[in-house]
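Start with the view below.

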Amino acid sequence: MPLVLATDDTGGPEIFASVQGEGPSAGTPCTFVRLSRCNLACVWCDTAYTWHFEDDERPHRDGVDYDRKANQVTLDEADVAARITTLGQNRLVITGGEPLLQGPALARLLELLPDVSVEIETNGTTKAPARLDIRIDQFNVSPKLAHSGNPAALALLPERLDAYATDPRAWFKFVIAEPSDVDEVLALRERYRFRPGHVFLMPEGTDSETLRTREKWLAPLCVEHGFRMSDRLHIHLFGDTRGT
């Protein structure tokens with residue numbers, strides 16, 4: 001199957017150049033490709049237009065049902081590759097939704113882009129097929145904690161977390177809404193022995209005021225427990241908008 005992408009505000013595919021806003025590559029110029037569809041449903045998800053369509057009964061705090069036809073576009077890999085090349089960046093971030101749901105098509109896409117460094121944003125429940133895995137330089141793994149609304153049986157799969165924890169390409173990014181959420185991260189670190197320095201805590205929020213308020217109590221917790229802290233630069237720069 002060809003790639004199914006999310007749409008930007010014009011109805012075109014959400015492919016754009018910007019700086020990475022989160023995690024270990026924050027501030028790095030990149031091209032972004034946002035794919036549609038997700039196997040999880042976070043109640044605070046800021047890209048619900050990639051999965052919360054009219055027929056999806058999973059809860060989301062905004063209560064908005066998106067029209068699938070208006071928020072999805074299908075393109076072949078050559079078209080997507082050409083759009084990426086036109087933007088002129090040497091680093092590519094593939095995000096979603098959950099990009100690895102479209103692993104075979106992504107492998108075909110990256111074979112057309114052999115000189116581009118690739119980051120995959122994933123929720124950590126899926127596996128890249130071998131043909132894709134060899135072309136990924138960095139996994140940004142964001143396992144979902146209890147406050148996401150996803151059952152642990154779906155969101156925290158031991159086989160997958162064990163595999164990512166031992167992969168030097170994997171960086172972990174946990175969304176934190178309350179100080180008590182950090183207790184879950186501590187338990188996961190104890191269980192999976194994440195690589196030192198490879199775990200980021202990031203405040204949940206889609207506006208600067210909320211992020212700054214939460215960062216004030218999150219920073220001391222990072223210092224106390226030896227985690228790194230991630231901001232959300234794109235929110236401060238552009239707000240909660242598509243294509244940024």
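## Charges over rings

A charge sits over a ring if NZ of Lys or CZ of Arg is within 6 Å of the ring centre and within 35 degrees of the ring normal. Arg160 lies over the face of Tyr164, 5.2 Å from the ring centre. Arg242 does likewise over Tyr49, at 3.6 Å from the ring centre.

## Basis of the model

This is a predicted model: local features need pLDDT of at least 70, side-chain atom pairs count only at pLDDT 80 or more, and totals for chains, interfaces and linings use all residues. Residues are numbered from 1 along each chain as its sequence is written, and side-chain values use heavy atoms, leaving out hydrogens and water.

## Aromatic pairs

The whole structure holds 7 aromatic pairs. Rings of Phe, Tyr and Trp (its six-membered ring) pair if their centres lie within 6.5 Å; planes under 30 degrees apart are stacked, over 60 edge-to-face, the rest tilted.

Phe139 and Tyr164 pair edge-to-face, 5.4 Å centre to centre, with 65 degrees between the planes. Phe139 is in strand 7 (residues 138-141) and Tyr164 in helix 6 (residues 158-165), 25 residues apart. Helices (H or I, at least four residues) and strands (E, at least two) are DSSP runs, numbered from the N terminus. Both Phe139 and Tyr164 are buried (under 20% relative accessible area; exposed is over 50%, partly exposed in between; 1.4 Å probe, protein chains only).

## A ring cluster

Phe172 and Phe194 form a tilted pair: 4.2 Å centre to centre, 35 degrees between the planes. Phe172 is buried at 2% relative accessible area, and Phe194 is buried at 7%. Ring pairs join Phe172, Phe174, Tyr192 and Phe194 into a cluster.
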